[in-house]
Amino acid sequence: MMGTRSKSRSGPPQGSLFEGPIRSCIGCGSRKAQAELTRVALDPAGEVVVDKERRLPGRGSYLCGAGCLTAALKRKAFGRAFRGKAGKVDPSKLGQAWELVPGP
């Protein structure tokens, strides 16, 4: 008899609307649709910046809100998220850029 293993489904659960890729916030750890989060990435100089257009190359990380920015700084999550390649993290600069990012 052939194996009776069930195959896992890689799609969204039945009955839910597909919201796009799911990402985790590096501040609080909650999982949300990518469109609901703000992307941060490394600029060419290695500094962590808010990626407003979501076009910077390389690894990106995601944050829910300004409170999660504070939590990510406290947990030193940027170093882990960017695999040790993150240069200096300027909280005031990130906070100012955060205010300029339009909400979803």
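A salt bridge here is a side-chain nitrogen of Lys or Arg within 4 Å of a carboxyl oxygen of Asp or Glu. With that in hand, welcome to a predicted model in which a search of the whole structure turns up one salt bridge.

**The salt bridge**

- The partners are Asp51 and Arg39, whose closest N and O atoms lie 2.3 Å apart.
- This pair ties together distant parts of the chain, 12 residues apart: Arg39 belongs to strand 3 (residues 38–42), while Asp51 sits in the loop between strand 4 (48–50) and strand 5 (60–63).
- Asp51 and Arg39 are both buried.

- Strand 3 is largely enclosed by the rest of the structure, because five of its five residues are buried.
- In a regular strand the side chains alternate between the two faces of the sheet.
- Here both faces are covered: one side carries Thr38, Val40 and Leu42, the other carries Arg39 and Ala41, and all of these are buried.
- On the strand 5 side, four bridges make an antiparallel pairing with strand 3, and Val40 has Ser61 as its bridge partner there.
- Strand 4 also runs antiparallel to strand 3, joined to it by three bridges; in this pairing Ala41 stands opposite Val49.

**The hairpin turn**

- Five residues separate strand 3 from strand 4 in their hairpin, and Gly46 in the turn has a positive phi of about 90°.
- Glu47 is also found in the loop between these two strands, strand 3 and strand 4.
- Is Glu47 buried or exposed? Its relative accessible area is 12%, so Glu47 counts as buried.
- Beyond its neighbours within four places in sequence, Glu47 is in contact with Ala41 and Leu42, and also with Lys88, Asp90 and Lys93.

**The nonpolar core**

- The largest nonpolar core has 15 residues, and those touching the most other members are Ile26, Val40, Val48, Leu63, Phe78 and Phe82.
- Two or more residues of this core come from each of strand 3, strand 4, helix 1 (66–75) and helix 2 (77–81).
- Phe82, setting aside residues up to four places away in sequence, touches Val40, Ala41, Leu42, Val48, Arg59, Gly60 and Ser61.

**Gly60 in strand 5**

- Gly60 is a member of strand 5 and is partly exposed, at 26% relative accessibility.
- Which residues does Gly60 contact, leaving aside neighbours within four places in sequence? They are Arg39, Val40 and Phe82.
- Gly60 and Ala81 are 21 residues apart in sequence, and their C-alpha atoms are 7.9 Å apart in space.

**The cysteines**

- How many disulfides does the structure hold? The count is zero.
- Cys25 takes part in no disulfide, and the nearest cysteine sulfur, that of Cys68, is 3.6 Å away.
- For Cys64, the closest cysteine sulfur is that of Cys25, at 3.6 Å. A disulfide needs the two sulfur atoms within 2.5 Å, so the sulfur of Cys64 is too far away for a bond.
- Cys25 is buried, because its relative accessibility is 2%, whereas Cys64 counts as partly exposed at 22%.

Definitions and conventions. Residues numbered from 1 in each chain as written. Predicted model: local features only at pLDDT ≥ 70, side-chain atom pairs only at ≥ 80, totals over all residues. Heavy atoms only, no water. Buried < 20%, exposed > 50% of the residue type's maximum accessible area, 1.4 Å probe, protein only. Pairing = 2+ DSSP bridges. Contact = heavy atoms within 4.5 Å. Core = buried A, V, L, I, M, F, W, Y, C linked by side-chain atoms within 4.5 Å.
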